[in-house]
Amino acid sequence: MFAELNNTLPEFTFALDENVKLEFCQLKAISQSVPLKVRMMYLNKKGKYDPQYVVIAEDADGNLFGVNLPSFMTEEVDPIRKNKEYVEAINAGKCGIKCGPKRTSSNGRDVYRPVWVDLE
């Protein structure tokens, strides 16, 4: 009961090697058809507009990318990051991410949402 007050997050087993130069991209830059494997995610509290999640993802060739998710997705991604079962599935390589189709927001801006994919 009281352990819940510690606000500890489930741990990702993936760790970036300090020699790896990670390329960062916006969500719209990744494929809408071929998912990247999600290796881990973290909340970047110093985002340009608001806190935003970054997904560390891997393509079929083993290249790693930091995919910046839009800040409006933070509330939807928080439950993934905080859920032990989801983190364990990510650790097991069972989560993928693709870019969803372009949509227009109420203020006329183009927006993209992630599409989460179950990987075998």
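Glutamate 76 and arginine 113 form a salt bridge, with the closest N and O atoms 2.5 Å apart. Glutamate 76 belongs to helix α1 (residues 74-82), while arginine 113 sits in the loop between β7 (110-111) and β8 (114-118), so the pair ties together parts that are 37 residues apart in sequence. Glutamate 76 is partly exposed, at a relative accessible area of 44%. Arginine 113 is also partly exposed, at 27% relative accessibility. The model is a predicted one.

The count of salt bridges comes to 3. Another of them joins the side chains of glutamate 58 and arginine 39, at 3.3 Å from N to O. This pair links distant parts of the chain. Glutamate 58 is in strand β3 (residues 52-58) and arginine 39 is in strand β2 (residues 36-44), 19 residues apart. Glutamate 58 has a relative accessible area of 21%. Buried means under 20%, so this residue counts as partly exposed. Arginine 39, at 22% relative accessibility, is likewise partly exposed. A further salt bridge brings together the side chains of aspartate 110 and lysine 102, with an N to O distance of 3.8 Å. The cut-off is 4 Å, so this pair qualifies. Aspartate 110 is partly exposed, with a relative accessible area of 45%.

The strands were examined next. An open sheet is formed by 6 strands. Their order is β1-β4-β3-β2-β5-β8, and the pairing is mixed. Strands β1 (23-26) and β8 are the edge strands, each pairing on one side only. From one strand to the next, the twist averages 40°. Strands β2 and β3 run antiparallel and are joined by 7 bridges. Methionine 40 stands opposite isoleucine 56 in β3. The salt bridge between arginine 39 and glutamate 58 also links β2 with β3.

Two helices contact these strands. Helix α1 lies across β2, β3 and β8. Its direction is at about 55° to β3. Helix α1 also holds glutamate 76, the partner of arginine 113. Helix α2 (residues 84-91) packs on the sheet and touches β2 and β5 (95-99). The direction of α2 makes about 135° with that of β2.

Methods: Residues numbered from 1 in each chain as written. Predicted model: local features only at pLDDT ≥ 70, side-chain atom pairs only at ≥ 80, totals over all residues. Heavy atoms only, no water. Helix = DSSP H or I, 4+ residues; strand = E, 2+ residues; numbered from the N terminus. Buried < 20%, exposed > 50% of the residue type's maximum accessible area, 1.4 Å probe, protein only. Pairing = 2+ DSSP bridges. Axes fitted to C-alpha atoms, helices over the stretch in contact; angles between N-to-C directions. Contact = heavy atoms within 4.5 Å.
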